[in-house]
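Please read them with the structure open.

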Amino acid sequence: MSDLQGNSGAVGAGRTTAAPDVLNSDPDKILGVPVWVFAAVVGLLCLLLMMTPLCIWLRRMANLSKNYVPSEQPDVDGFVREVVLKAEACGTLNVSRIGRT
């Protein structure tokens, strides 16, 4: 009579298959790794993800705070002559404040 009530001798009480191993996992492991190792890896990854942009930003700020010193003196007079000659050739210099004086 007990065979008719659902206890057919299979694994578990009234089950036809065994419970999967995922449900019977060790509570001291995450993804098959001890909890402290998993926590250490996640902590290091978080630290790396936060420190990398910070280091890049600090390097950029250090680079921006340096004075720019060119290797040779820039030719400002030649640049100004070139701008004035182009403005004069286009007629822009005649209508500007410099051309009126």
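1. Lys86 is exposed, with a relative accessible area of 53%. This is a predicted model, and the remarks that follow should be read with that in mind.

2. Which residue pairs with Lys86 in a salt bridge? The partner is Glu82, and the closest N and O atoms of the two are 3.4 Å apart. That distance meets the criterion because a salt bridge is counted when a side-chain nitrogen of Lys or Arg lies within 4 Å of a carboxyl oxygen of Asp or Glu. Side chains of opposite charge can pair when their charged atoms come close. Both residues sit in helix α2 (residues 76-90), and because they are 4 residues apart, about one helical turn separates them. Glu82 has a relative accessibility of 41%, so it counts as partly exposed. The count for the model is 1 salt bridge.

3. On the overall layout, the protein has 4 helices and 2 strands. Read from the N terminus, the order of elements is β-β-α-α-α-α.

4. How much of the protein counts as buried? Of its 101 residues, the share is 2%. The accessible surface comes to about 9,600 Å², and carbon and sulfur atoms account for 64% of that area.

5. A nonpolar surface patch of about 900 Å² deserves a look. Its members are Leu44, Leu47, Met50, Met51, Leu54, Trp57, Leu58, Met61 and Leu64. One of them, Leu58, is placed in helix α1 (residues 35-65). Leu58 counts as partly exposed because its relative accessibility is 45%, a value between the 20% limit for buried and the 50% limit for exposed.

6. Leu31 is not a glycine, yet its phi is positive, at about 55 degrees. Leu31 lies in the loop that links β1 (29-30) to β2 (33-34). Is Leu31 buried or exposed? With 77% relative accessibility, Leu31 counts as exposed.

Terms used
Residues are numbered from 1 along each chain as its sequence is written. This is a predicted model: local features need pLDDT of at least 70, side-chain atom pairs count only at pLDDT 80 or more; totals for chains, interfaces and linings use all residues. Side-chain values use heavy atoms; hydrogens and water are left out. Patches are made of residues with over 30% relative accessible area and no salt bridge: like charges are joined within 9 Å, nonpolar side chains (Val, Leu, Ile, Met, Phe, Trp, Tyr) within 5 Å. Accessible areas come from the Shrake-Rupley method with a 1.4 Å probe; for residues, only the protein chains shown count as cover. Buried means under 20% relative accessible area, exposed over 50%, partly exposed in between (1.4 Å probe, protein chains only).
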